[in-house]
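I opened the notebook to record what I looked up in this structure. The entries follow in the order I checked them.

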Amino acid sequence: MLWRYHFLDLTEAQKHARRETLTRYALYAQLSAMVPLSTFLACRLAKRLATLAVSRGGAGNKGAYKAVPSSPSPDAVGRGRKRGNYLHLTKRLGLIALSQYPLQYLLSLKSSISPLTYILPSSHEHLNQWHRVLSRISTILLSAHATLYLNFFVQTNRWNRLGDGDVIAGLAAIGLLGMMIGTALRPIRRLSYRLFFVLHVLVALFMPVLVLFHVKHSIAAKIFAIEALVVFVLDLAARKVGTVIADATVEAIPGTELVRVKASMPREKIKKFRAAPGGHVYLSLPPAAREGLLVPVSKLVYEFLYNPFTLASVDSKTNTVTLVAKIHQGPMTSALASFAYKHKSTASSSSNKPDEDTDSLSKTPLAIEGPYGLFPRRFADLVSGKVDRVLLVAGGVGATFVVPVYRALKGEAPSLPVRLVWAVRQAGEATWALAEGEAENVLGEEGVEVYITGAGAGDSSSGEDANIVKGKGKNKGKAKVSVRVEKVGPADSQEGVELTHVVHDLQTGRSLAVGWHRRQRPDLKRIVDEVFTQGRRERVAVLVCGPHGMQRELRGSIGKWVAKGREVYWHAEAFDL
Ligand SMILES: Cc1cc2nc3c(=O)[nH]c(=O)nc-3n(C[C@H](O)[C@H](O)[C@H](O)COP(=O)(O)OP(=O)(O)OC[C@H]3O[C@@H](n4cnc5c(N)ncnc54)[C@H](O)[C@@H]3O)c2cc1C
């Protein structure tokens, strides 16, 4: 062989020494990642020192593979000149990769048992980025391990090893990893998130099991695999315990592609949800909810469905939470659409049978787990005097993130100036923010601007009844949320801004002062400039949740002010991964 690593014939004693050395190095590798987590300030210092050392080290030592202390020396096997042990390198790559598995699994934890979220402190979303980095590193190491081993079998004519159970388990593990990486690629993940998700869960479960079958001698590797498996199982158990099966009503918001999910929750959960503005929950369908479901996918899929939805409102008077979901073609939102359809038909048939209780008929059990989210942990920054002004921008259903943050800011820092800009296609998309209870009146507040961007908005001179949801059964005759969008003549133009619509709540007869509307998209550049020119030294927080184009445009407009030295707190919430 051309390079310095060779296939050496070792005695049993030498093999034993090699195993011990490998184990020691694997433990070093694991501790090297774990210790700094608990003392991460010291770690940052160490990292700086390490970077300094590398930059001073010069290129001469780069990539050198140091002889492993107490590994069998080349002399010991009678070669006469210094040669690297090929199999030692091969095994070491695999073992070092496995030594990272427990940490890799810990970094992916969603449940509250994650110790890292407390140590650092951070959120699942944040730690998950490091989970991805570590996964890539360990996968590269494992692939190198497999490639070198296959080369060894080829070079030494050991083809028969490919039929052995341990090698088959190893190859299966590498195959699974390859498939997982394939489905994690953005275009494929976009095509089928479900495939990526299901495969991810299966690989997470089976990798440690396959490692146990693959590894013959290394106790360390087995311990790493068991540790990872324990973390995985504990997380699943904690998530199960933290999940509430809630009775929910699912209603379509007429004239839109939205459904409103209103779920009753235990009081202690409501407290947690209220403390997490901008947080989200994971929604899944318990078996009882799947009965009679009319969806074009196998019901088995619902075993693996945990879809995130933001807490659009939390009402501690009625102990309910509201989620607003846009219907796509995936299995979860199709199921929600199907419940909404069932709710509608149940409600209309029961309206002919006065004795029946509509509410109990139309309730669906939904599994709700949470709250999660990076932003709830950052919310304190906004209300603790670190910013002087807040601009909230939402596009469409992105307001499920922005509106609760607006409400929380108004509650906890009433003197903080907040401007909310919300672009919707049709007026109906904004009606959920008028919902009853504690969530009332956001649209009527000063500083809240709703832009109705749809082509037909306000075109009818007689006005557009955006959404009228007639109550049925007990609520028969009551209009729950109803909005009328009226076109206003050119005489109402003011300072160059055309007042195109006034939105009325038909139930109360109130005119909702939703601000000035244009028939086009909000001019984000102008809005940003207005916000930043309010005070020369003001620190401004900008939070956005909407389409990528909107986020890019907003970021671009803010860049100018950052370049001028303005302090900006930026948070972009993304609904698609
Ligand atoms: C933090 C967060 C909050 C969200 N809040 C809302 C909201 O309030 N209202 C709303 O209408 N939409 C929200 N979404 C988007 C919503 O989750 C998806 O539109 C929905 O899950 C699609 O479901 P589906 O059955 O149509 O398709 P699926 O095939 O089940 O999923 C389609 C897409 O949804 C996302 N998704 C699904 N499951 C997960 C998961 N477990 N983790 C991360 N992303 C996932 C992925 O981007 C995926 O490509 C949010 C997304 C995220 C990440």
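Which backbone atom of proline 308 lies by an oxygen atom of the ligand, and at what distance? I found a backbone N or O atom of proline 308 at 2.6 Å from a ligand oxygen. I note here that the model is predicted, and I read each value below as computed from that model.

Entry: In the side chain of arginine 194, an N or O atom is 2.4 Å from an oxygen atom of the ligand. For lysine 326 I looked at the backbone, where an N or O atom lies 2.7 Å from a ligand oxygen. I then checked the cover: the ligand taken alone exposes 880 Å², and the protein buries 89% of that.

**Entry: ligand shell.** I listed 24 residues around the ligand, of which Arg194, Tyr306, Pro308, Met332 and Thr333 come nearest. By class, I have 14 nonpolar residues, seven polar and three charged in this shell. I also asked which elements give two or more residues to the shell, and got α9 (193–214), β5 (280–284), β6 (307–310), β8 (320–326) and α13 (331–350). Strand β6 supplies the largest share, four residues.

Why does the ligand lie between domain 1 and domain 2? I see that domain 1 (5–54 + 66–240) and domain 2 (242–373) both give residues to the shell, so the ligand lies between them.

**Entry: surface patch.** Ile113, Leu212, Ile226, Val230 and Leu234 make a nonpolar patch of about 390 Å². Helix α10 (residues 219–241) gives the largest share of the patch, three residues. I placed leucine 234 in helix α10.

**Entry: salt bridges.** Side chains of opposite charge can pair when their charged atoms come close. Counting nitrogens of Lys or Arg within 4 Å of a carboxyl oxygen of Asp or Glu, I got 15 salt bridges. I looked at one of them, between arginine 239 and glutamate 369, where the closest N and O atoms are 2.6 Å apart. This pair links distant parts of the chain, with arginine 239 in helix α10 and glutamate 369 in strand β9, 130 residues apart.

**Entry: backbone geometry.** Strand β9 (residues 364–372) also holds proline 371. I checked the peptide bond from glycine 370 to proline 371 and found it cis, with omega near 5°. Where is asparagine 157 placed? I found asparagine 157 in the loop between α6 (124–155) and α7 (165–184). Its phi is positive, about 55°, although asparagine 157 is not a glycine.

Conventions:
Residues numbered from 1 in each chain as written. Predicted model: local features only at pLDDT ≥ 70, side-chain atom pairs only at ≥ 80, totals over all residues. Heavy atoms only, no water. Near = heavy atom within 4 Å. Polar contact = N/O pair within 3.5 Å; in protein donor to acceptor, adjacent residues only side chain to side chain. Areas by Shrake-Rupley, 256 points an atom, 1.4 Å probe, with all protein chains shown as cover. Nonpolar A, V, L, I, M, F, W, Y, C, P; charged D, E, K, R; others polar. Domains from an automatic or database assignment. Patch = residues over 30% accessible without salt bridge, like charges linked within 9 Å, V, L, I, M, F, W, Y side chains within 5 Å. Salt bridge = Lys/Arg side-chain N within 4 Å of Asp/Glu carboxyl O.
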